Amino acid sequence: MKILVAVKRVVDYAVKVRVRPDRTGVETASVKMSMNPFCEIAVEEALRLREAGAAAEVVAATVGPAQSADTLRTALAMGADRAVHVLHDPDPQRPLLPLAVAKILRAVALQEKAGLVILGKQAIDDDCNQTGQMLAGLLNWPQGTFASKVILDKEKATVEREVDGGIETICLDLPAVITTDLRLNQPRYATLPNIMKAKSKVIKKVTPEDLNVDIRSDMEVLEVTEPPKRKAGVILSSVDELLDKLKNEARVL
Amino acid sequence: MAAMVVGALRRRGAATAGGSRFFAQSLHRFVSTLVVAEHEGGFVKPSSLSALAAAEAIGKENRVSLLLGGSGPSLHKSAEHAASSHPLVSEVLVADSDAFAHPLAEPWAELLRSVQQKGGYSHVIASSTSFGKNLLPRAAALLDVSPVTDVTSVSEPRVFVRPIYAGNALCTVRYTGQDPCMMSIRSTSFSPTEAMSETKVAPITQVDLSFLSEGSSGKSAWVDLKSQDTERPDLANARVVVTGGRGLKSAENFKLLEQLAEKLGAAVGATRAAVDAGFVPNELQVGQTGKIVAPELYMAFGVSGAIQHLAGMRDSKVIVAVNKDADAPIFQVADYGIVADLFEVLDELLKKLPDKK
């Protein structure tokens with residue numbers, strides 16, 4: 001079986017983003033970019049499934065501008081076998097929406113005859129948490145979202161999911177779509193030899209047109225602003241002072 | 001369209017037929033909303049009542065249908081609660097089938113598609129719970145529309161504000177696509193309406209489930225749910241939240257936090273570090289990837305205040321931080337801070353706070 005893993009290039013999780021003065025978006029020029037943390041977990045899970053003999057090949061895919069190839073190289077350096085880069089240059093007013101990405105990934109999944117697609121549960125830039133669910137809907141495959149454990153056998157996937165009330169277990173017929181939660185695994189670091197090896201692995205470049213996917217956007221970004229600042233707080237010297245403030249000033253006790 | 005006019009007639013009661021037809025046909029601003037509600041123990045969940053408040057923010061003339069699914073007496077008791085839960089609710093739709101007894105996205109998305117196709121709603125709203133986040137995008141893909149995640153405010157019927165980059169930026173978007181405009185709402189941003197002033201009970205209708213046979217249900221099966229039984233209030237809706245981070249050092253020490261929570265009638269939360277270290281189960285995680293809370297009082301003990309954690313609690317009314325590191329970023333958002341050993345502060349608080357009334 002082949003596993004398709006979708007990865008996204010995003011502003012590094014440790015960067016404190018700044019909103020552009022013209023309010024069109026956040027500053028991304030000369031900001032450190034990395035693979036979305038949930039996507040790293042997705043790549044790691046695919047590799048572990050392959051190493052356990054449940055999959056024959058791991059194909060990484062991304063949709064984005066030329067620089068997104070770096071993210072695919074990272075996936076290849078971690079151990080993915082090959083990659084597909086769907087080239088798309090972003091328009092800040094009309095960003096690529098999860099629905100368009102899902103349509104592109106559907107085309108890639110069908111072309112590659114993937115038996116399982118693994119994605120992160122959300123990208124830490126747009127915080128949408130949609131693409132995996134949409135892909136599953138478009139493919140009419142079952143979905144196991146927010147996965148913290150995946151067990152695969154020939155025809156079924158058993159997925160433990162992180163839900164509001166605790167941990168839910170579901171069983172899916174393959175092919176299926178799984179999205180990863182933080183606690184699914186600890187992604188490996190790419191070693192130097194593997195980074196070198198990754199340079200000779202194949203990245204196939206295609207366009208949405210090649211895949212017959214029409215990208216339209218039904219969302220317009222009007223403005224991006226800073227969240228309201230909280231007013232400066234005070235440092236107190238004792239518990240008594242805290243209790244007094246909470247009772248008499250903030251009136252929350 | 002005919003069904004819409006009938007609906008409008010029924011809602012407007014004494015209005016003339018001509019007036020209602022004008023209302024339905026002339027305005028693209030005419031809004032009708034389907035709210036996908038969750039229920040538990042015979043009641044609509046508070047997060048779904050927040051979704052009703054969001055429906056009200058979309059339009060005061062919004063004609064709201066509330067969709068409930070499941071089976072058994074609890075469903076029907078919840079439907080009765082739903083019928084009088086908000087003045088805008090004009091209809092309660094009940095999908096009574098074992099297929100909806102568990103929150104599986106596959107049958108639920110088919111249900112949502114079917115109900116939307118019959119009802120032609122301009123808006124569909126669910127709460128950003130794990131149920132809503134799992135279901136709504138799948139249903140949106142079936143309907144070929146883009147949903148909006150985690151709406152925190154409604155400026156116009158199709159203009160919304162939502163946080164991006166872990167809440168470090170607010171993005172205002174206009175939905176320009178075809179009906180329905182689908183969204184999940186952040187329930188802490190919409191207060192459920194207080195008790196209704198007049199008694200109005202919406203009719204309860206059974207949903208036609210003939211679509212189920214041809215749908216994609218059957219490709220997934222629910223196995224079980226392991227939940228932490230707790231006496232304390234639900235984290236997402238608690239008035240007071242006390243949270244521990246890595247500074248708590250052990251699961252054993254979290255018991256101190258639980259004692260404090262007991263005294264304050266609070267829910268207990270945790271940072272990712274505390275969850276990863278195994279101090280508490282992961283459903284207690286507050287942050288970008290965990291729960292979003294906005295209580296009246298948020299008390300953070302041994303929490304450094306990473307971007308991802310702040311994303312989950314920065315809208316709390318009053319934030320208290322106790323940390324021995326005076327440079328911890330949590331102090332930049334805290335209203336009151338104490339730079340001290342958290343165990344000493346906890347001990348003192350436990351001594352000085354009265355027992356819960």
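Author: Two strands count as paired if DSSP finds at least two bridges between them. Strands are DSSP E runs of at least two residues, numbered from the N terminus. The model is predicted: local features need pLDDT of at least 70, side-chain atom pairs count only at pLDDT 80 or more, and totals for chains, interfaces and linings use all residues. Residues are numbered from 1 along each chain as its sequence is written, chains are lettered from A in the order in which they are written, and side-chain values use heavy atoms, without hydrogens and water.

Reader: Why are S12(A) and S10 of chain B called paired?

Author: Pairing requires at least two bridges; S12(A) and S10(B) (residues 169-175) have six, in the antiparallel sense, so the term applies. Within this pairing, A:Val221 stands opposite B:Val173.

Reader: What makes A:Lys103 and B:Asp144 a salt bridge?

Author: The term requires a side-chain nitrogen of Lys or Arg within 4 Å of a carboxyl oxygen of Asp or Glu. The N to O distance for A:Lys103 and B:Asp144 is 2.7 Å, so the pair qualifies. Between chain A and chain B the count is six salt bridges.

Reader: How many residues of each chain are in the contact?

Author: Contact means heavy atoms within 4.5 Å; chain A gives 79 residues and chain B gives 84 residues.

Reader: What is the area buried between chain A and chain B?

Author: Buried area is the accessible area (1.4 Å probe) that two parts lose on being put together, summed over both. For chain A and chain B this is about 6900 Å², with 53% from carbon and sulfur atoms.

Conventions. Helix = DSSP H or I, 4+ residues; strand = E, 2+ residues; numbered from the N terminus.
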